[in-house]
Amino acid sequence: MRQVMYSCFAKGKPRLLLCFVSMILFLNNLHAQSPVLVKGIITHQNGDPIIGVSVVVKATGKGTTTLADGSFEIEAPANGTLVFTHTGFVGQELKLTGTNQSGLAIRLIEAKNSLDEVVVVGYGTRKKSDVTGAISSVTEQAIKEIPAANLTQALQGQAAGIDIQKNGGNSKPGATPTILIRGSRSISATNEPLFVVDGIPFNGSINDLNQDDVASVEILKDASATAIYGSRGANGVILITTKRGKTGRPLVTFSSYAGFVKIQDKFPVMNTQEFSEFKKWALYNGRYTGNNRTYSSPNDSALILQNFSPEELQSMKTGRSTDWQDLIYKNGFITNNQIGYSGGTELTQFALSAGYFKETGIYPGQEFERFSLKASVDQQFGKRIKVGVSLLNTYTITEGEGANPMGQALRASPLVSPYNADGTILNDFVPGSASQVWNPLANFVPGAVVQARKRSGTFTTLYADVSIVKGLKYRFNSGIELRNDVYGEFYASKTTNNLGGLSTAQNRTNFRTNYTLENILTYDKTIDTKHKINFTGLFSLQEQSTQGNEFRNNTIASDDLQYYNPTYGANLVGEGSEEKWDIISYMGRLNYSFNDKYLLTLTVRTDASSRLAPGNQDNLFPSAAVAWNIHRESFFDVKAFTNLRLRGSYGKVGNTAISAYQTLGALSAIVYNYGDATTTGVFLSNVPNPDLSWEYTSTLNIGLDFGLFKNRITGSAEVYQQKTDNLLLPQTLPATSGVPNAIVTNVGKTENKGIEIQISSVNFQGKTRNSFSWATDLNFSINRGKITQLAGGVISDPANSRFVGHPIGVFYDFQKIGIWQATAADTALAILQGQTVNGVGTVIGNIKRADLSGPNGKPDNRLDATYDRKILGSSQPDWEGGMTNRFSFRGFDLAVFIFARWGHTIRSTLHGGGFANTFQGTYNNIKTPYWTPTNGENDYPKPNANNTNTPNNSLLGFFEGSFVKIRTISLGYNLPTSFLKKLGLRSARIYTTAEDPFILFSPFVNKYGGIDPEASGSSSSPSNATLNLDTPANWSMIFGLNISF
Amino acid sequence: MIYTLFLVALITSACRKKLEEQPRSILTPEFFQTVQGFQQGLDAAYASTRLIWGNQDYFTITVIGTDEFKRGIDGNSDINVYSSAYNSTTGVINANWRNAYTFINTCNGVIDNAPNVPMQESLKKRMVAEAKFIRANWYFILVQFWGDVTLNKTFQNEPTTSAVRNPRAEVYDFIIQDLKDASVDLPQGLIKDVQPGRATKAAAMHVLAKVYLTRGGSPAAKATDYQDAYATAKSVIENRNIYGLILLPDFARVYEEGNEANAEVIWTSQHTSNLAFNGPNNSGIVNFSADNIYNHMWVPQYERQPGMIRSTQYGRPYIRCTPTRWLTDTVWGNKTNDTRYSKTFQTVWYANDPNTPSTYPKWPTPLPAGAPAGAVAGQLKFGFGDTAIYMPGTDRTNAQIAASRPTLIPPRLYSSAMGPYMMKYNDTKRANLNFPSIRPVIAYRFAETYLIAAEAAFRTGNTGDAVTYINLIRTRAAYPTGNAAAMQITAADINIDFILDERTRELCGEVVRWLDLVRTGKLIERVKLHNSEAAINILPKHILRPIPQAQIDAVTTGTPYPQNPGW
């Protein structure tokens, strides 16, 4: 056949007909023979060969498995049927016909939640069918499909119950998002889940992981699953398994992509015509002589003469407009390259990989680079001992992490030019901006601004497995992490940072070590084939210590020195830091299963944490979970169900996620001098809290796993309730307490309830490479969190934005009900409310707030922060979900990932409370309508040169945050096997991916001129979703290639 | 097996040790019990004075919205004009409140821990006295601005979410006791013999006199207050040789740059040219910006005038306030005999734009009538280094203005951006144009002692002594060019308004005015008379500051924290 084909292709058109005829003859010929030798290759839908797929001739039981390159050979009747099965994939059958016997290209589709799949649980692995806790898995494929800068970004929207948002809306290269698993509870030091890499808690930045090295990710959500990590598991646990070598022919993989990053949109600011009009109104409204307006109208010639320079007047005449944003944005560049080599024998397996990632930002000077090198070796010694070591080394460089030219670019007047007459950059204050706005282009002068962070780290894990007797195993597992973080900063004199003042430099270094030592004993025993017992016992010690120092100086002798040598500078000041904590733990876990139908897990862990007050350091965290494999019951005879499992768990985990030394109180430094004698004083800034105690979260979780129609549809649903007690939160005390800083204390109780649904379905199952396939993954989650009790029986704590019955961190403020109009009715109402209506302080044209209540519980015609503020919203969404559709046809595949978050409130500093929408008119403003005495505008206030920011401006910043966005679209093509063979490759795939290409729906974007509503608070207060006015959101498109041989 | 158990036991006990915290980079409150901690606690208390003298937050609540100064175009329009936007959420109010309580607690820490500190008793006593002096200053601020306030007499070393307001009478008693204690243990001799910035007996007595005087004008007044105020102030005056205090012969020397340690100065809040210990953003360190930016506060928008650019010499125009017409035109009366007007205000600027002739004005064609000799149509009116701006202080016709070489700004053309510059805090030696001042701020000076004595004497009916003290001040005011004899007043001249006027002439801009007006019950009357923008809004409630909303919000247990009446 191949010869025939070859001859057809090799020769020209005139012989095509002959070819065709001879092919038919050949095929007819085949039909007559029986049995035949069938050859083929089995690949993953992403094109990678799959090793170990079982290939069985139906009804004969004769079978084989695929080799490392995915190939197989089997003898089968010419019209027989082959069955392909493999753990974690949807099974497939193929009826042989005469045409497909020697070049079969079978493609298997990953089955999510397949019960045979082995999943990583804490301190071991289990078959999915034996798992009792709530665990979401994200496969290598799903991670690969989103070529993001870091793993967290790749996980966004991939599993129910994990909420991943850009931290403060930060879109800078190297920025790490915030992760919340099942809502927010404690938000003191960190609310982030615990990352465990290859069994060892990982304390590095998520940026230190190369996502190409990740084989799978499991997210542990309920107490039963997380309890084994004790106090560090309270916010959920993310288990990351890195790729290791496998027995078989060495495999070389190479992947590479490159592409561009662009801003999604510019911030909407005014142009010359709009701004000059706006500025005139601001001056007209704001300039008073005594209590009379200085100018007769916005077009008063005196107003124009006194407040606009000749250059500005020229621009107004000609309409010349400087778009400062156009001058600062550029296209970013993104590339990722990875080469891997792995393989092994029965005794030794190894894997080596090296990666390089680089992203440059949308302004000059922003850049993130990562070099990574990973190596692992697993070695069997004799029959009893296996030892493995793995090294993860990374070096990252982040440039320009603090760069934010927005303060200048959005405020600089469009009426003036950024250049001098001779075409050079005007390195000075931008005219027409009250000597506040320095030309943002000044920072892009080479060498003027340096912000460089260099981080290096090693994460080394070592294990030794010893089989003591049958069923009894001892494992020593250890990990050491070393992290160096060196930051240097330099600003020349003529930059937006120093505004022509002294040049400044700063150095910061940080060194951190972590180690974890674990002794694990496991015992497996099966009694009477029906009773399966698995026991795990653990003793572990974890320690982290950090030290850092920082020094700053100014008047650097030469800009070329940057931050490197403070000798050539003046006014050196320095600070240092040190922190160390320890956790000592014992854990025991018993798994019992009866007949593979009834499963039970009991876990007990005790942790002792140095971070809590003596006497409160130790605690015990028990949990229990049960599961019932209903489909294995004889009475359950529903053909459609491949599996059906019901799970339930209850347990308690604790949290000490606070910084060290919080129980001790702290002093702060303040400098002073007595004449020439300088001194550093100390004052109490944090009060000791000797009662600081564990925060507990008890979780009840009920889950259902199902597989339908031979696992073509699989999924799970979870319902949970979490109750957190002794919530550890920072508490702002009244000033009269004498303690200026918020203290961390046990403030109360919260409750989180939720539903999570995850469904995967293969809608169209194409059997071969050329046929059409369509699969859908869907996840959906709802979480409702609320505070159920505050310490001391307090119902409302406005200083900390905490209210019983509401989620943590709501937005609490006055209610904006419009703009004060220049009408008799509004004036009368304003006077009644004691509002100023005359002179420079008049409220007419300003934001109007609702009089909600008063001391007697009724509106009292007074606006008072005590009675007239209300909860305006929270950043907790009504629901969140993600959907990925994957299509493939003739070697092409298309994946579209849609991500939605619905029904939450965000705060945008672009609109309110920031520097871009002040209505002062001294600086450019975002383009909004604005109030004038005649236009009746009721959304935005009057421009007013007299106020640096319009009164109650924060009220302009609250928006509905709902959005539906296309997170990624990826189109790929897997080269056909025949072609690969010629090239000597096992697999090859080319693809292109667009990330964040469209926002399908968002009132914030569509109605209010926002760019991207995706935002969260910081990791220390994740529930206050704020979009900071910083690097605008961007989108990217990359082109990539993956090959293996 | 036994061996294993033993090993486990050994590991476990060794591990337990790891749970003990031993911080290496932070100090905990126990540090106050050491000699070093005791001293550094006191240093922090002293450092807190930078949050009063030199700080914009304190400037805002004492200088503006008075008869002296009104809103400048870049000034706070809420507090300046008492508009409805000035309320319990106004940030400046909370900043002052928070600063006070944080550093009262620092003083409390020093005072309460003193018995545990092993050091020389006499030195310890003096240091406790210094802490009491600073504590008294903070409480004096609190009680004057807010009335009844929380009185923390001891070190707060536990978290609390409740608070009560103590009656102002109790607060005054506490302040007076602190100052009495301090005056016993503080250095009794020459001020110049102590380190600059250190409190002395004279300082404690000066403040004590002022406290009595202020209480005498408050609802907590005691019958003996004015008498006590008078006696206390008088003792400072009588013992001036012991303290080394004099009235400098020339008023101009009192606020001369670099002369902050002169013999008229009773106490200062220190700053230094060492930028590691003095701004920008290095003056305070954690959460407290303690830069002295009084050098920026009063600077008008001179840079917009022809021939002028922004310079270190003339200052950074914050334009936070501008003098009222009463201040510039009326209160000084005879500005020739009373030299203090010309020594307080800058009215002449010299052209400093080196880019001649870009911003320089030219004579029009034809030349205006009355143009000076040498004026040529089309030629520059003046050049680099020539007088660019002149404020004659009396009116000029438009024709005169047109015919003038420098820009003439008579009083009728003063605006909220440009008027005479109150130059007491000018600083030409700071490292950079935008930098804060390196000058210590004079908190109390001897001339005020005389004025306190005079006011107290007047209040007790001793008009004769009041006249004597005021005349001493006015005699000095005439030096060197004025007619001292013409400056003398008699008992017939004196009344509380005259005393307030005299305080303006002497102490204009010295962050006391708002309190002077409240003490004398004249705030509303005088604001209505002299500060037209504030006049239309000011209400009786404005004689107290609102309790900050942050305080009310954070008191979540016990009785809700009460707001002041009308707020």
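Predicted model: local features only at pLDDT ≥ 70, side-chain atom pairs only at ≥ 80, totals over all residues.
Visitor: Which residues in chain B lose the most area to chain A?
Guide: Those are Lys18(B), Leu19(B) and Glu21(B), and together they make up 10% of what the chain B side buries.

Visitor: And how much area do the two chains bury between them?
Guide: About 7,500 Å², with 57% of it on carbon and sulfur atoms.

Visitor: What does the predictor give the complex for ipTM and pTM?
Guide: The ipTM is 0.94 and the pTM is 0.85. For chain B, the average pLDDT is 92, and 97% of the residues score at least 70.

Visitor: OK, salt bridges. How many are there across the interface?
Guide: The rule finds one between chain B and chain A. Asp553(B) pairs with Arg869(A), and their closest N and O atoms are 2.7 Å apart.

Visitor: How many over all chains?
Guide: The count comes to 75. One of the pairs is Glu274(A) with Lys927(A), where the closest N and O atoms sit 3.0 Å apart.

Visitor: Where do Glu274(A) and Lys927(A) lie?
Guide: Glu274(A) is in helix α6 of chain A, residues 272–286, while Lys927(A) is in the loop between β48 (905–908) and β49 (958–960), so this pair ties together parts that are 653 residues apart in sequence.

Visitor: Now chain B. Which side chain does Arg340(B) meet in a salt bridge?
Guide: The side chain of Glu502(B), at 2.6 Å from N to O. This pair links distant parts of the chain: Arg340(B) is in helix α14 (residues 340–344) and Glu502(B) is in helix α19 (residues 496–507), 162 residues apart.

Visitor: Is Arg340(B) buried or exposed?
Guide: Arg340(B) counts as buried because its relative accessibility is 0%, and buried means under 20%. Glu502(B) is buried too, with a relative accessible area of 0%.

Visitor: What about Arg526(B), which residue does it form a salt bridge with?
Guide: Asp501(B), with the closest N and O atoms 2.8 Å apart. Arg526(B) lies in helix α21 (residues 523–530) and Asp501(B) in helix α19 of chain B, so the pair ties together parts 25 residues apart in sequence. Both Arg526(B) and Asp501(B) are buried.

Visitor: Which residues do salt bridges with shared partners join into one network?
Guide: Arg340(B) and Glu502(B) are among them, and the network also includes Glu264(B), Asp338(B), Lys424(B), Arg445(B) and Arg505(B).

Visitor: Switching to the surface. Which residues make the nonpolar patch?
Guide: Leu646(A), Tyr650(A), Leu700(A), Ile702(A), Leu704(A), Val719(A) and Ile755(A) make a patch of about 570 Å².

Visitor: Which strand gives the most to the patch?
Guide: β34(A), with three residues. In chain A, β31 (641–655) and β34 (695–708) each supply at least two.

Visitor: Where does Ile702(A) lie?
Guide: Ile702(A) is in strand β34 of chain A. Ile702(A) is partly exposed because its relative accessible area is 43%, between the 20% and 50% cut-offs.

Visitor: Last one. What does Arg168(B) touch?
Guide: Leaving aside residues up to four places away in sequence, Arg168(B) touches Val143(B), Gly147(B), Asp148(B), Ser218(B), Pro219(B), Ala220(B) and Leu544(B). Arg168(B) lies in helix α7 of chain B, residues 168–185.

Methods. Residues numbered from 1 in each chain as written. Chains lettered and ligands numbered in written order. Heavy atoms only, no water. pLDDT = per-residue confidence, 0-100. Patch = residues over 30% accessible without salt bridge, like charges linked within 9 Å, V, L, I, M, F, W, Y side chains within 5 Å. Areas by Shrake-Rupley, 256 points an atom, 1.4 Å probe, with all protein chains shown as cover. Salt bridge = Lys/Arg side-chain N within 4 Å of Asp/Glu carboxyl O. Helix = DSSP H or I, 4+ residues; strand = E, 2+ residues; numbered from the N terminus. Buried < 20%, exposed > 50% of the residue type's maximum accessible area, 1.4 Å probe, protein only. Buried area = accessible area lost by both parts, 1.4 Å probe. Contact = heavy atoms within 4.5 Å.
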